[in-house]
Amino acid sequence: MAAKVAIPEYAATALEVIPVVASNTRATFRSHKTKNVQWRITQLRKLYWAVEDYKAELAAALQKDLHKSEFEAVLSEIDWVKNQCLWMIAHVEQFAKDDKLGAPFVPATFSMMKFRVKKEPLGAVLIIGPYNYPVQLVLDPFIAAIAAGCTAVVKPSELCVATAMVIKDMIEKRLDPNAFAVVTGGIPETEALLNEKWDKIYFTGSAQVGTIIAKKAAETLTPVCLELGGRNPAFVTKNANLKLAARRLMWGKCLNAGQVCVSHNYVLIDKGSTAAFIEQLKATYKDMFPKGAKASPDLARIVNPRHFQRLKKMLDETRGKIVMGGELDESELFIEPTAVLVDSLDDSMMKEESFGPIFAIYSVHSLDQALAVASSVHRTPLALYTFGSKAENKKVLHEMTSGGATVNDSFFHGSVGTVPFGGVGDSGIGQTHGKAAFDSFTHQRTVAETPGWAEVILRVRYMPYDWGQLRF
Ligand code: NAD
């Protein structure tokens, strides 16, 4: 991919334009043109080719904003959304079809009726994205919104300004400008958007901002989908393959420099295996970064000085012992993949979502203790990982809930874009990916039809009520 590409200069959308943009998308939805499934497919095809044509700009912007390697940019952002587009194009007609329901036989009076569930687009929707996967996490719900027949305004994160501007240029030049728009900016622009009436708000980001969004949406009873964060545990039992667990968990912390909502926040490890696990982590580090993580082109950087300082503070405040990594360089926003052995649940490393390449290791005497610790840290995390025997993995999944879970690996329940993904409890409301994403922007409208001839039986409902008429 060519490194030299033009990225539009950053400009936040003017506040006075925002009501106009919102009202355009509402008017376009009311024109009913988005209800035509072929129109939706055309827009999805246009988006697919737009992403293909803009891939150099997107990769360059991701490098600029996050120092994201081209490998990760292609696999986890650019090709990821292209694949979602293709999958949705292949399935949209099937998803948009009415579900025909058999007539209920009980009571017999209903047996002549017809029932179907019509899949109706919700309307004009607002999609607000986070900074960590600034392409994937706005375009994935956007694809689902188009497929479902909604019009949409997309608000990418202001922390990745280059990516936000490429997305704006791409969507506004290639897709129907009356149906879709991109608003750039931060809090004032998002607040202006939230002052508009939407048919759904789809938010991905922190629980703190998710709460603001949900409160604001509640004022107008606007439905929300909230994809939030959490303190995700990884269980490594005494029967785990330690080398495999170390490699897979290290990868989970190094991808995008750990700025991943589903990456593990801490590892609960059997006391007897702790030293050997740490040795395996160190060996994996050497394999993945033979010249050190700082010299590697593969490790992304922390998005900005504020987040760098947040992570530094967590490390400064830990009372645990750094057992791997620990190097920081603010001039490069570099934080080395770092593991800290902690012995208190009050440690900053256990209490806060790290959202960076640092994680805690906490030793336990038993799997029961590990489960009790995880439940006390966060009862409803977004993700959970378990490395153990079949019976141990089963016990973990049975006794501890989470938005999603991967057995014997990191992330995969969330990286495959066709299976449902979302939080539970305070880690999220609603689901995305695959058909779940389509459903998230769809109203399932039950329609009943009663034939006129059925009056011969259905007359029994009319007053004056007469038990005698029921005996036909
Ligand atoms: P964030 O909540 O700070 O920002 C997300 C969006 O909200 C941005 O577009 C931002 O402009 C907007 N925003 C920020 N403050 C606002 C305010 N006061 N009022 C209105 N809008 C506001 O999140 P982030 O730092 O970009 O992303 C990191 C968080 O997102 C982590 O907690 C992570 O776990 C979570 N996350 C969750 C998922 C998921 O799928 N569940 C995916 C990625 C990230």
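How many bridges join strand S4 to S5, and do they run parallel or antiparallel?

What we have here is a predicted model, so to speak: local features need pLDDT of at least 70, side-chain atom pairs count only at pLDDT 80 or more, and totals for chains, interfaces and linings use all residues. Residues are numbered from 1 along each chain as its sequence is written.

Okay, back to the strands. S4, residues 151-155, is joined to S5 by 3 bridges, and the two run parallel. When I say strand or helix, I mean DSSP runs numbered from the N terminus: helices are H or I with at least four residues, strands are E with at least two. And two strands pair if DSSP finds at least two bridges between them. One of the partners to look up is Ala-152, which has Phe-180 in S5 as its bridge partner.

Helix H1, residues 18-30, packs on this sheet and touches S3 (124-128), S4 and S5. Its direction makes about 155° with that of S4. Contact here means that the C-beta atoms of two residues, placed from the backbone, lie within 7 Å. For the angles, axes are lines fitted to C-alpha atoms, for helices over the stretch in contact, and the angles run from 0 to 180 degrees between N-to-C directions.

Now zoom out to the sheet itself. It is open, has 6 strands in the order S5-S4-S3-S6-S7-S17, and the pairing is mixed. S5 (180-182) and S17 (428-429) are at the edges with a single partner strand each, so one side of each has no neighbour in the sheet. Helix H5, residues 136-148, lies across S3, S4 and S6 (200-204), at about 165° to S3.

Inside it, S8 (residues 232-236) and S15 (residues 383-387) pair in the parallel sense over 3 bridges, and Val-236 stands opposite Phe-387 in S15.

Next, what does UniProt tell us? An unreviewed entry there places an "active site" at Glu-227 and Cys-261. These span 35 residues in sequence, yet no two of their C-alpha atoms are more than 9.2 Å apart, so they gather at one spot. Glu-227 lies in strand S7, residues 224-227. A word of care: UniProt positions are in the numbering used here, feature names are shortened, and annotations may be inferred rather than shown by experiment.

Last stop, the ligand. Which residues come nearest to it? Of the 28 around it, they are Pro-130, Gly-205, Val-209, Gly-229 and Cys-261. A residue counts as near if its C-beta atom, placed from the backbone, lies within 6 Å of the molecule. Helices H7 (187-194) and H8 (207-219) are the elements that give two or more residues to this shell, and H7 gives the most, with 3 residues.
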